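Work through the exercises below with the sequence and the model in view. Try each task before reading its solution.

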Amino acid sequence: GIYYNSNKKKFRCYENGTWVDCIRTPRTSFYVYSDMQTSGNASLLLSTTTGGTNSITNVNSVAGHPGIWEHGTSTSATGMNSLVAHGLDTGLLGNGDAYVYEAEMRIPTLSTGTETFTYRSGFMDKSDGSDATDGCYFRYSDGTNSGKWQGVCRSNTTESTCDTGITVAAATWYRLNVIPNSAGTSTDFQTDGTSRCQLTTNIPTGAGRGTGFGSALTKSAGTTARTVDLDYIEVSGQLGTAR
């Protein structure tokens, strides 16, 4: 149904059991937050697994980290577990839109030469745990960048990287931020609120270079299970032009 509200001077429409303004305020921003406390929260994201087991658990009852999703590889040498946005190519960085990605996580046991895995967190367009075709994200493995967090931007698979200078420590919580500027000319990589390095090339901003966001753990050697604990994912965007 529809009626005209003379007090509000607006037409009102009946949708999904309630009355709302028929003409909405233009969209100027968006916000996604998943705190991993319930399966409902986690279902905002898409979980993909090969050779591993998903679980949502309050790992070791950690104080200050309610709700933790534990990525697991099981004992498979090529196990993978990812938690990513349902729309993996629906966002376009730059072009006047300012995006911020944030996640808090820890790696209980580090990657080694015999039990090797790679962890990625940020803007990405893959759910299979591989490097993105288009995206900007953190990457870690023991044999990459001497085991330090690495900033990565990829546009149509062409890659640029930067060294954060932060060596990943086992069982240590990190707050990871990936912040492309609205012009798409620079991406800042932060850990725990401090800027560590920036990239100015291969930020995917062109037509057809859309991306999503998420967190992914991929094993490449060894048969001992490895995990990554994810406390939350938060993504916000301020649109340069109201939609």
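## Exercise 1: a surface patch

Task: Find the nonpolar surface patch formed by I2, Y4 and F11, and state its accessible area together.

Solution. I2, Y4 and F11 form the patch, with about 340 Å² of accessible area together. Patches take residues with over 30% relative accessible area and no salt bridge; nonpolar side chains (Val, Leu, Ile, Met, Phe, Trp, Tyr) are joined within 5 Å, like charges within 9 Å. Areas come from the Shrake-Rupley method with a 1.4 Å probe, and for residues only the protein chains shown count as cover. Strands are DSSP runs (E, at least two residues), numbered from the N terminus. I2 has a relative accessible area of 55%, so it is exposed. The classes are buried under 20%, exposed over 50%, and partly exposed in between.

This is a predicted model: local features need pLDDT of at least 70, side-chain atom pairs count only at pLDDT 80 or more, and totals for chains, interfaces and linings use all residues. Residues are numbered from 1 along each chain as its sequence is written, and side-chain values use heavy atoms, without hydrogens and water.

## Exercise 2: salt bridges

Task: Which residue forms a salt bridge with D131, and is R139 buried or exposed?

Solution. A salt bridge puts a side-chain nitrogen of Lys or Arg within 4 Å of a carboxyl oxygen of Asp or Glu. The whole structure holds eight. D131 pairs with R139, with the closest N and O atoms 2.9 Å apart. R139 counts as buried because its relative accessibility is 8%.

Now take R209 and D134, whose side chains meet at 2.6 Å, N to O. This pair links distant parts of the chain, 75 residues apart. R209 sits in the loop between β16 (194-199) and β17 (214-221), D134 in the loop between β10 (116-123) and β11 (135-140). D134 is buried, at 2% relative accessible area.

Finish with D163 and K148, which form a salt bridge at 2.8 Å, N to O. D163 lies in β13 (residues 158-167) and K148 in β12 (residues 148-155). Shared partners also join R120, D131, R139, R154 and E159 into one network of salt bridges.

## Exercise 3: the sheet

Task: In what order do the seven strands of the open sheet run?

Solution. The order is β5-β8-β17-β10-β11-β12-β13, with antiparallel pairing. Two strands pair if DSSP finds at least two bridges between them. β5 (45-50) and β13 are the edge strands, each pairing on one side only. β12 and β13 pair over seven bridges. In this pairing, G151 stands opposite C162 in β13.

Methods. Buried < 20%, exposed > 50% of the residue type's maximum accessible area, 1.4 Å probe, protein only. Helix = DSSP H or I, 4+ residues; strand = E, 2+ residues; numbered from the N terminus.
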